[in-house]
Amino acid sequence: MLKTFDFQKIPVVDIVNEILVDSSKRGASDIHFDPYEEYLLVRIRIDGDLFDYTQVPNSARDYMVTRIKTISKMNITETRRPQDGAIKATLQGIDLDLRVSSLPVSNGEKIVIRILDYSMSLAGIDELGFSEENYKKLLELVSIPNGIILVTGATGTGKSTTVYSILQHLNRSTTNIITVEDPIEMDIKGVNQVQVNSQIDLTFASALRSILRQDPNIIMIGEIRDTETAKIAVRASITGHLVLSTVHTNNSLNTIERLIDMDVPKYLLASALEGIISQKLARKLCPHCRTLRNTTDYEKQIFSVVTGKVPEAIYDVEGCEHCHNGYSGRIAIQEVLIINQNIRDALSNNVPKETLRDMVYSADVTTLLEDGLNKVIAGETTFSEIINLIELDDDNKLSENYNLKQAINLTKEAHIAKEKALTQQQFIGNRESHEKENQMVENLNIQNS
């Protein structure tokens, strides 16, 4: 149900403050002000979904837009061009850090306010929802003295949260950490942060060239967007620096292919790339109303192939006063790939993409699908949420769903590779043990003779 305000009696200033505070209390990540001919519709995004919040009549819409642009330090007279701004304020005892964007559309100006929440970044990497196996890989990656580590995913999948958490983990008095960002989303004490400014030609690439002369140990690049930035980042990582950055790709394989498409020489990529952390955000089940139900035959088939586990029952949504349609909050689904020697050799030898795919998913990697389904088994999210998250619409027709079969096959290949590696280790161990026994028997025979 829409929230109503008395625009005749309550000043627009107070209404804007109430919208900002109430949205923050509800756990919203964004506030949208959408102009229509009849009114200005306010919507808030909670757990990834947009919900109608209130309607602003035309008599007050211009005052509201002007108020938002004023407190975010935008030009209120400019309505034909996009603008960016920021709001830092304390309202009703709540500290707000907001990023504001305006965009001219057919019916006026659309305003979107991003509510920044640093609580997860400040909590540390052990609070990011990594599985035990992925967490160990993450610790291994961040302990590497040089190379490049990439955090990948679509917009709004928590990449910045993961990167800032890693920076907090690495932030020591003995290291010189420099970042180049657009914008700087979180101030970190002890870290030198550079804000990109295209108006004075302070781009990612130009800032990076200067940063390399500042004796850094660790460099964080807000995002690799173009070929020049990618090449400088890779070269920086092979000259004794640890480089962290983000890329807008879906998984580990897509990330490698994207860097190759950016004309990064494969021999450099093979030397520099240390690991890729791919992630998505899934809605988290409400702990107050989640219900246990029997697993269907189709779901058992998926669980069996992907995870090797067949749960008899899993949790599903119910809905209550504490949540939104059965969900409350979000949880990260991760895929952590450590680049091994086989992948490096494949990159150096310029192998076809199909072969590279086999190399990536035959490595010791838990795919996004597998990690998501393991969290379904743990009762943290739902089966349908994970299937929808990896863009599989027709989830009740396994035999006809190419995307799902492809995802399952990749995960199955990873399991087979792990089993082969374990078998090989056991074989080598047994052979060494057998050789030792033979040597002992031979020594004993020599003594007896």
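**Close-up views of a predicted model**

**View 1. A proline in a loop.** Pro 183 sits in the loop between strand 8 (177-181) and strand 9 (192-195); helices (H or I, at least four residues) and strands (E, at least two) are DSSP runs, numbered from the N terminus. The peptide bond between Asp 182 and Pro 183 is cis, with omega about -5°. A word on the model itself: it is predicted, so local features need pLDDT of at least 70 and side-chain atom pairs count only at pLDDT 80 or more, while totals for chains, interfaces and linings use all residues. Residues are numbered from 1 along each chain as its sequence is written, and side-chain values use heavy atoms, with hydrogens and water left out.

**View 2. The two sides of helix 4.** In helix 4 (residues 132-142), the buried residues are Asn 134, Lys 137, Leu 138, Leu 141 and Val 142. These residues lie on the same side of helix 4 because they cover an arc of only 125° around the axis, the arc being that of the directions from the helix axis to the C-beta atoms. Glu 132 and Lys 136, on the other side of helix 4, are exposed. Here buried means under 20% relative accessible area, exposed over 50%, and partly exposed in between (1.4 Å probe, protein chains only). Among the elements covering the buried residues of helix 4 are strand 7 (147-152), helix 5 (159-170) and helix 13 (368-377).

**View 3. Strand 6 and its partners.** Six of the eight residues of strand 6 (residues 108-115) are buried. Strand 6 pairs in the antiparallel sense with strand 1 (residues 30-35) over four bridges; two strands pair if DSSP finds at least two bridges between them. Look for Ile 31 opposite Ile 113 of strand 6. Strand 5 (residues 94-105) also pairs with strand 6 in the antiparallel sense, over eight bridges, and Ser 101 has Val 112 in strand 6 as its bridge partner. A hairpin of two residues links strand 5 to strand 6.

**View 4. A buried lysine.** Lys 280 belongs to strand 12 and is buried, at 14% relative accessible area. Its contacts (heavy atoms within 4.5 Å) include Thr 157, Asn 250, Ile 333 and Leu 389. The C-alpha atoms of Lys 280 and Ile 333 are 5.2 Å apart, although 53 residues separate the two along the chain.

**View 5. Positive phi in two loops.** Lys 73, not a glycine, has a positive phi of about 60°. Lys 73 lies in the loop between helix 2 (58-71) and strand 4 (83-91) and is exposed, at 73% relative accessibility. Asn 325 has a positive phi near 55°, and this residue is exposed with a relative accessible area of 57%.

Terms used. Lists of a residue's contacts leave out its neighbours within four places in sequence.
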